[in-house]
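Good morning, everyone. Please take a moment to look at the sequence and the structure on the screen, and I shall then take you through several of its parts.

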Amino acid sequence: MAKNHERIHHDEKNLCNLCVTELEGIYEELELTDAELDILSVPRRVFTVHFPVTLTNGTTRMFIGHRVQFNDSRGPSKGGIRFHPELKLDHVSDLAFLMALKCAVVNIPFGGAKGGVVVNPKELTRDELELVTRAYIRAIADFIGPFKDIPAPDVYTDEKVMVWILDEYEHLKREHAPAMVTGKPVELGGIKARQYSTSLGGIYVLEEAVKEKNIDKSHVRVAIQGFGNVGENAARILYERGYIVVAVSDSKGGVINQEGLDIREVIVHKRKEGTLQGFMGGQSISNKDLLTCDCDVLIPAALSDQIDRNNAKLIKAKIVLELANAPTTSEANILLFERSIMLIPDVLANAGGVVGSYFEWIQSLSNDYWDEEQVLVRLKKVMIDAFNDIYTVCREESCTMKKAAYKIAIKRILTAEKLRGNL
Ligand code: NAD
């Protein structure tokens, strides 16, 4: 173990801290060679670009942008672009690693990437943001493209930003290339159902888990932390499917009603008031208490590190569906496993978003338009297949779903590397 441990830490230029910690628990069991470990722990390509943009007040400011392509053995790199003042290259690298794993977990032919610009978008005008986006794309244009690396929305970037990316890239290449970016508006080749594909993908998996746990579907009580894109859509879809959503929360706190919340009314209230507070159909509950409330399914859909060693012992849910990225610490993951609580890890639970992106990519490559039904049928199959693959390993090896998912992803990436002759 010591040898491999040293190996994985061997290079100060190794930019991926997360892959070091995540792989540590797994490499022994998979008996990875030094070369395999190197391939999995170092990003393939790392770009940092500096570019000037003249702002509307006439001053010129230098901006920094990053892009990390972690692994592209299974297909073009794929991952979001975020605008954030605190964006750091090592974190971008961690996120690119997770994208590589996520794409391999759901078995879609993409590698993993992530990127972004160090900027606070709230300090710029819309026109300035467009100039920054276009300048960033000019700086990395040679390294992205429909068969190289395909960006998507992430923190503080949306479909408007994706259109600027597409337009700038097409101007540079002097041809149409709609498959070079996903998260586009439907009118420019975006996929129907993208707004809720992350939540619905997670719910498809949850329905399989509910069957496995022998919970009566008509009595499943769900608590959801976070009421943004992912949390709100999850609450709405679950409510429409007859689940009893007992609690929801946003950054200011939550509401609970053990008889079930009327989610249509909750959404109307949130739209009108901008907060869940003051909703009359339930009692208020803190974010902290929501996590340990009486329910069958807990869905963290907000921030990372919400379930830790302190509250893992108090969780009452039988299933935890990680729609947020990394909401459960590694320690808590083990504690939940010991208590026979099924934790469906983020790399599977929230992969519906990137699966939707994959469909958008196919649609754009083939100049086609899929109808919503087509998207949903294929999304369901991809998510359920992935759940079954992982659950089979879990049962055979009596391990956490996270470990099973990582093992499957790692094996798939290494198989591609071997077939290419890289190992
Ligand atoms: P969002 O910004 O739309 O919503 C975040 C929500 O979390 C908001 O309702 C906010 O009020 C709430 N929140 C913030 N702090 C909170 C706290 N302490 N307690 C409870 N709620 C709190 O973001 P989103 O797109 O819904 O993403 C949510 C999570 O899902 C993130 O971890 C994101 O990385 C992950 N994710 C999102 C997608 C996607 O398609 N949007 C895909 C994969 C993963």
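Helix α14 is mostly covered, with 12 of its 14 residues buried. Buried here means under 20% relative accessible area, while exposed means over 50% and partly exposed lies in between, with a 1.4 Å probe and protein chains only. Helices, as I use the word, are DSSP runs of H or I with at least four residues, strands are runs of E with at least two, and both are numbered from the N terminus. Among the buried residues of α14 are Gly352, Val355, Tyr358, Trp361 and Ser364.

Before I continue, please note that this is a predicted model, in which local features need pLDDT of at least 70 and side-chain atom pairs count only at pLDDT 80 or more, whereas totals for chains, interfaces and linings use all residues. Residues are numbered from 1 along each chain as its sequence is written, and side-chain values use heavy atoms, with hydrogens and water left out.

How far apart are the end C-alpha atoms of α14? They are 20 Å apart, which agrees with the 20 Å that its 14 residues should span at 1.5 Å a residue. The expected span of a helix is 1.5 Å times one less than its number of residues.

Let us turn to aromatic pairs. Rings of Phe, Tyr and Trp (for Trp, the six-membered ring) pair if their centres lie within 6.5 Å; planes under 30 degrees apart count as stacked, over 60 as edge-to-face, and the rest as tilted. By this rule there are 11 aromatic pairs. One of them joins Phe359 and Trp370, a tilted pair with 5.2 Å from centre to centre and 35° between the planes. Phe359 sits in helix α14 (residues 352-365), and Trp370 in the loop between α14 and α15 (372-397), so that the pair links distant parts of the chain, 11 residues apart. Are these two residues buried or exposed? Both Phe359 and Trp370 are buried. Ring pairs also link Phe359 and Trp370 with Phe110, Phe147, Tyr358 and Trp361 into a cluster.

Helix α5, residues 89-105, has 17 residues and reaches 24 Å from its first C-alpha to its last, close to the 24 Å expected. After α5 comes Asn107, with a positive phi near 55°. Helix α16, residues 401-419, has 19 residues and reaches 27 Å between its first and last C-alpha, close to the 27 Å expected. Here 14 of the 19 residues are buried, so α16 too is largely enclosed by the rest of the structure. Gly421 follows α16 and has a positive phi near 85°.

Asp305 is not a glycine, yet its phi is positive, about 55°; Asp305 lies in the loop between β10 (297-300) and β11 (319-321). Ala326, also not a glycine, has a positive phi of about 50°, and Ala326 is found in the loop between β11 and α12 (330-338). Why does Ala326 count as partly exposed? The reason is its relative accessibility of 32%.

I come now to the ligand. Which residues are closest to the ligand? Of the 18 residues that surround the ligand, the closest are Thr198, Asn229, Val230, Ser251 and Asn287; a residue is counted here if one of its heavy atoms lies within 4 Å. Helix α9 (229-240) and strand β7 (244-250) each supply at least two residues of this shell. Oxygen atoms of the ligand lie 3.0 Å from a polar backbone atom of Phe227, 3.0 Å from a backbone N or O atom of Asn229, and 3.0 Å from a polar side-chain atom of Asn325. Taken alone the ligand exposes 830 Å², of which the protein buries 66%; these accessible areas come from the Shrake-Rupley method with a 1.4 Å probe.

Finally, consider Asp149, in strand β5 (residues 149-153). Asp149 is buried, with a relative accessible area of 0%. Its side chain makes a polar contact of 2.7 Å with the side chain of Arg67, and another of 2.8 Å with the side chain of Gln69. A polar contact is a pair of N or O atoms within 3.5 Å; within protein, one must be able to donate a hydrogen and the other to accept it, and residues adjacent in sequence count only if both atoms are side-chain atoms. Thank you for your attention.
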